Amino acid sequence: MPHPLDSFFAPESIALIGASRDQEKIPGRLLSMLRKNDYSGKLYPINPNYGDIDGLKCYRSIADVAQPIDLAVVIIPARAVLGALEQCAAAGVRNAVIISSGFAEEGGDSAAMQDAIVTLAKRTGMRISGPNAEGFYSQVQRVAATFSPTVDVKPDAPNLVATKRRIGIVAQSGGIGFAIYHRAKALGVALSYVVSAGNESDLGAGEFLDYMVQDASTDVILLFIEGIRDVDKFLAAAKRAAEMRKPVIVTKVGRSGAGERAAASHTASMAGWSAAYDAVFAKYGFIVSNDLDEAVTIAAVLTTNPLPKGDRVAVLTVSGGAGIWGADAVSMQGLKVPELSSSIQGEIKKLLPSYGAAGNPIDVTAQGVHSGGLQRSIDLLDVSDEVDAILVVLSLSSDIRMPFKEAELKPVLSAQNKPVVFYSYTLPSHFARSELAKSGAVVLSGLTHAGVAMRQAVDYAKFKLAPPADVAALPPRDLARFLTSPVLSEFDSKSLLRAAGIALADEVLVTERSGLDAAIARAGLPLVMKIQSPDIPHKSEVGGVRVNITTKGETFTAYGALLDSAQRHRPNAAIQGVLVGPMAKKGVEIIVGTLLDATFGPMIMVGLGGITTELFRDVIYRPAPVSTAGASAMLDALKAAPLLHGFRGAPKADVAALAQLISQISLLAAQHAGEISEIEINPALVHPEGQGVTIVDALVVGRK
């Protein structure tokens, strides 16, 4: 099916507005790059100062061309750009890339010029990339609409291509986007597209991602982002990538220095502004990498190998020490290096000298290479059901000798039975890279990155897109009457939750000492008593909680003590009274919370709860709402997950009831995002299987 950006990435005609004869300058390099890369469409240089450029007729304006134009590349002073775009729109130009800088990145009047470009794009329907962009490169269609030297064609330079599958790159920094391509190219990873989004006046990262997802020539996508502007398009593309099982590797920058939010709840104060991005990435199975070489290594592994069926790795080497190192590298990523069965060890030993090792790591020794033991060991392991992937650790520094024959290695790699990853502990020679590329293998030179890539491949293979939340599970209700102050007390928060359909224990707000007898009769002993005030969200900090009260006398004493403590610590707080309720049974303490992210909206958080929540920060975020299945996956991702599954003989917790509660709270946050800023339940006590969950404390914060 045609995509609206087909004419952008595969234009049949290009106009270069501001073209130049001087190839030392960007306008001149743009034309040069297009021609060097054998662009087959029509080129129209636009510059009133020239009659021709490099044998091409040069036009005074876009209107003088009088031919259909799919793409205009604009590289003129910023203050002339808007006028040129108006001329392009009048001439029917379908797309434009603005290379020119000096817009929103400078602020002031320059930002206003970019706003005018946004208005023009909406009014005319012309699609615009940039300004302040580095253009794009379409390798399949041979369109080098960029001045980046990484796409320069040097006739004598070797062309290394090891992969049939291709990567597509979307970057909000042109320099980094083309740097990713440059490094991938050095490994022999084929490219479909690399695009620099620039200031995203019209076309943004989300729309470019959407194009890569639907593009049949793109098999793996790499993103380099600072922030997402076209959020709805980005999320739709991310969901489609997950449904199509097309891997997306993302590097999100701008994580440092954000600090903690000043907010009323633990949930928000721990968020950090990049937490929402990580939550979205996790929801859609994105592979997060914060290192350029690591990201490229992951892409190389994914474009040359099938996804593994499990996490068992065979480490095959020609050096004992290197084999141990390789085993450590994958083990440190949580992968298994199992000892092989006696039967397969026996088969491998037939291929090795007596001083080789067949257990795993498998050391075929240098002698084993010459005798063919290395290749035949790969053959055996590739069809064995004892391992799911193979890491080959060897030296590939020679300029004349190869440890493999293409006729033997290529059929194994082409079969795509399981991943076979090659790491050279010496710097690999171009000869070795080129020879192995003929068999479809990429040579990696970073062992830690290789281990990470194999781990990420295992995780991606296991990823499943969670089903959508069942919105009927919590029908929306009118909750406006409960939002009487910006921050609600526990009593008011729980009243709101009950009205929304959340199950809570029966409790009584006592406003006079005379009401204690009735509260005791209703709740029964033992009791818990808590001071109530919208000005005291964290009651334990002011001595505002008394637990396990077992007698009537203790109840009356605790009532006075709670009021006195609140007065002493918060003399100006508006006290509603004391909340009296039954003492909850023991259970695993979990925190469940929501917050509103400025970019992605409502988020749900779950983690290890209680007073240690901020100490351990064992929390997981996802965009709200989540289904019960999605909530269960969040719980499994916690470091504290074993506490819910019968840790050290303890009974298994009621995870099903907890997952239902998390889903309900996430639905509540999504349905009332216009009224509610934060919800926090801390702790929720998760009782043994079949006994449910008790919400001990709750806090709701309205939209300011």
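A search over the whole structure gives 15 aromatic pairs. Rings of Phe, Tyr and Trp (for Trp, its six-membered ring) count as a pair if their centres lie within 6.5 Å; planes under 30 degrees apart are called stacked, over 60 edge-to-face, and the rest tilted.

Before the details, the conditions. This is a predicted model, in which local features need pLDDT of at least 70 and side-chain atom pairs count only at pLDDT 80 or more, while totals for chains, interfaces and linings use all residues. Residues are numbered from 1 along each chain as its sequence is written, and side-chain values use heavy atoms, with hydrogens and water left out.

I start with F9. Its ring and that of F208 make an edge-to-face pair, with 5.9 Å between centres and 70° between planes. Helices here are DSSP runs of H or I with at least four residues, strands are runs of E with at least two, and both are numbered from the N terminus.

How are the rings of F9 and Y211 arranged? Their centres are 4.6 Å apart and the planes meet at 25°, so this pair is stacked. Y211 is in helix 6 and F9 in helix 1, so the pair ties together parts 202 residues apart in sequence.

F9 is buried, at a relative accessible area of 0%, and Y211 is buried as well, at 3%. Buried means under 20% relative accessible area, exposed over 50%, and partly exposed in between, with a 1.4 Å probe and protein chains only. Ring pairs join F8, F9, F136, Y193, F208 and Y211 into a cluster.

Next, charges over rings. R245 sits over the face of Y460, 4.8 Å from the ring centre, and K252 over the face of Y277, at 4.7 Å. The criterion is NZ of Lys or CZ of Arg within 6 Å of the ring centre and within 35 degrees of the ring normal.

Now helix 12, residues 342–349. Which of its residues are buried? They are I344, Q345 and I348. The buried residues pack against strand 16 (362–363) and helix 14 (373–383), where contact means heavy atoms within 4.5 Å.
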